[in-house]
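Subject: Model handover and notes

Hello,

Here is the model you asked for.

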Amino acid sequence: MTSAPAARALIAEDESLLATALAASLQRLWPTLEIVGIAANGIEAVEQALAAPPDIVFLDIKMPGKSGLDAARELAEEWPEQRTFPLLVFVTAYDDYALQAFDHAAIDYVLKPANDERLQKTVARLQARLAHNSHPGHAGDELERMLQQLRGLAPALMPLQQERLRMIRAAVGNQIKLIAIDDVIYFEATDKYINVVTADSQSLIRTSLKDLLPQLDPEQFWQIHRGTIVQISQVQSAQRDEAGKWSLRLRTRPETLAVSRLFAHLFRQM
Amino acid sequence: MTTNATTTSNTISRLHLIAPELLRSLLPTMIINLLCALVVTYLMRIGAGFAENLIFSICIGTTAMVLIDCGRILLWGKDEPNKPGFLLMLVIFAPLSFFIGNLIANFALGRPASIFTPNQAHNAIGIIVLILLACVGATLFYWNREKMAALQARNVIIEKQAVQAQLQMLQAQIEPHMLFNTLATLQTLISSEPLRAQHMLDQLIHYLRATLSTSRSAQTTLGQEFELTKAYLGLMSLRMGLRLSYNLHLPEELQCTPIAPMLLQPLVENAIRHGLEPKVEGGDCTVRVSVHQDMLVLSVFDSGMGLNTSTSYNKPASTHLGLENIRARLDALYGPLAELTLTHHIPEGTVAQITIPMPALDPQQTR
């Protein structure tokens, strides 16, 4: 505790009483830690973390707007290359299923209500890791570590496979258009809808990629970005630009699709 | 003396059971009569042709039916007869119905009254055996039918028990997330605001007692259900703060109206869990009870996330276990007119509504 480094932390927790309580415990155990903000939902958490990058983010798993895990994925995808990625600690009241996956992927988490003893261990671990990351040459380690953890987590948290979707029913005006699943080139998530793109058409369906994904054949459709799922046989080539970002060229459509960091490993070996 | 008297009065009290029983047996008896006429004419090759044999068969068969049904009802009522007694009855009634049936048939054909017809004389034994066989056959049929009915009744009971068991399972399923988050909040409040913590603990105790107790009575009152709902919403609003506002409307005169437990509460919890908790800005939850055209209407409005348009909530689906259990119990307790519907709330959110015919709520009537 004597040489505790100064650090900046963001707390994302929708219940303000619990957010204040966590802040108070942290102040007690790590006096030099500065709480730079409290975000009341997942969307705010991502915004605040990107606007004023903290060293540590405490993420409640169940939050309105965006779950803690989704917020972590978005941060990992959007984080500016030149900055050190923050240490992420997940906070949850109860989630047996997710916790098993967390243990498996060696992800840091704290249980609510948090006792000081458990929190102290987390604090010690965070301090050690901050010290390690501050050495020159280790700046990029944290992002790569998080990406690997999140990739390791993905299969465990994937909802049970559901019946395969064969046809997509999209409302166009006052009629229903039927799109065979094999004709879909890619799905692109917009705010509340998914844009279903075929060789010659685009239609909106009202669902989320999260609900859609378990209904697709994972051999045929690959998620390549938080908001994009592509039919892999429709991809002509994958290329990498100078900044290291991957993008996909399609066989029958002119646009290219961006591959996010979280999924870039899928193309590295190709 | 007294036993005799009660037996007699029992027998007399069973008289009114006879007519419906006879009606029930009529169709099978006629089919058997037709079969007997066919057997006598074409297999035993006796009598003066099919038409005349059919008349005799109908007279004899119907007489047998009347005798057996009356005997059975008067001696055993609706209970299952004991088998030796019943067989003895058949042995006596078979020849008796042969003679009486012949009398009636001869009379109907305008012939001299006789318990025989000339061409039956040397075949009397064979025919009586045939009648006996027909009676035994009919009896087996009857017994099977009773067994099937009993089996069906048992199935209904088992089904009802299954729904009840599922309910208890759902009751015991307090969402751990909710529980631990509440405990975490309590832990925080205990040191900073002990009075609020005390109040919150009271509400938690009330909620847990009502939700966990599997020995909950089959009936509670709307007033009590509202107390539970109030405790739950109180807990949630402490946690969600300004994100949750709620209103409860229960007219004074409906306070004591009986209602089955765990019909209203799951709808309120759904409104919070699926509607308001996931919504960034939160919203309002309103619970209202009213009577409309002799129907009790329980409504839960929320201004939350709204229904997922791609799933149907008003058709049976295994994915909405809680809703299905409510539907099953509504049907079992209050009949097919009681229903649960989920609709979109304008401009946003969801309305869950239970309607129950007022007369069905009467505990005396409750099946």
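The notes below go through conventions, chain A, the interface and then some sites in chain B.

Conventions

This is a predicted model, in which local features need pLDDT of at least 70 and side-chain atom pairs count only at pLDDT 80 or more, while totals for chains, interfaces and linings use all residues. Residues are numbered from 1 along each chain as its sequence is written, chains are lettered from A and ligands numbered from 1 in the order in which they are written, and side-chain values use heavy atoms, with hydrogens and water left out.

Chain A

Chain A has eight helices and 15 strands; helices (H or I, at least four residues) and strands (E, at least two) are DSSP runs, numbered from the N terminus. Chain A has 270 residues, and 47% of them count as buried. Buried means under 20% relative accessible area, exposed means over 50%, and partly exposed is in between (1.4 Å probe, protein chains only). The accessible surface of this chain is about 13,700 Å², with 51% of it belonging to carbon and sulfur atoms; such areas come from the Shrake-Rupley method with a 1.4 Å probe, and for residues only the protein chains shown count as cover.

Among the contacts in chain A with a separation of 6 or more, 58% are between residues 24 or more positions apart. Contact means heavy atoms within 4.5 Å. One helix, α3 (residues 68–78), is mostly covered, as nine of its 11 residues are buried. Those buried residues include the charged-type names D70(A), E74(A) and E77(A), as well as L69(A) and L75(A).

The interface between chain B and chain A

Contact involves 21 residues of chain B and 19 residues of chain A. The area buried between the two chains is about 1,800 Å², of which carbon and sulfur atoms give 57%; buried area is the accessible area (1.4 Å probe) that two parts lose on being put together, summed over both. On the chain B side, H177(B), F180(B) and V280(B) lose the most area to chain A, together 29% of what that side buries.

Three salt bridges are counted between chain B and chain A, a salt bridge being a side-chain nitrogen of Lys or Arg within 4 Å of a carboxyl oxygen of Asp or Glu. E277(B) and K62(A) form a salt bridge, with their closest N and O atoms 4.0 Å apart.

In chain B, α6 (176–192) and α8 (222–240) each supply at least two residues of the side that touches chain A. The most comes from α6(B), with 10 residues. That side of chain B divides into eight nonpolar, seven polar and six charged residues. Here Ala, Val, Leu, Ile, Met, Phe, Trp, Tyr, Cys and Pro count as nonpolar, Asp, Glu, Lys and Arg as charged, and the others, Gly among them, as polar.

Backbone geometry in chain B

Most residues other than glycine have a negative phi, and most peptide bonds are trans. I346(B) and P347(B) are joined by a cis peptide bond, with omega about 5°. P347(B) sits in the loop between β6 (339–344) and β7 (350–357).

Q293(B), not a glycine, has a positive phi of about 50°, and D294(B), also not a glycine, has one of about 65°. Q293(B) is in the loop between β4 (283–292) and β5 (295–302), and D294(B) lies in the loop between β4 and β5. Q293(B) is exposed at a relative accessible area of 69%, whereas D294(B) is partly exposed at 48%.

Other sites in chain B

S299(B), in strand β5, is buried at a relative accessible area of 5%. Its side chain makes a polar contact of 2.8 Å with that of Q353(B).

Q203(B) belongs to helix α7 (residues 194–212) and is buried at 14% relative accessibility. Beyond four places in sequence, Q203(B) touches K230(B), A231(B), G234(B), L235(B) and L238(B).

Regards

Methods. Polar contact = N/O pair within 3.5 Å; in protein donor to acceptor, adjacent residues only side chain to side chain.
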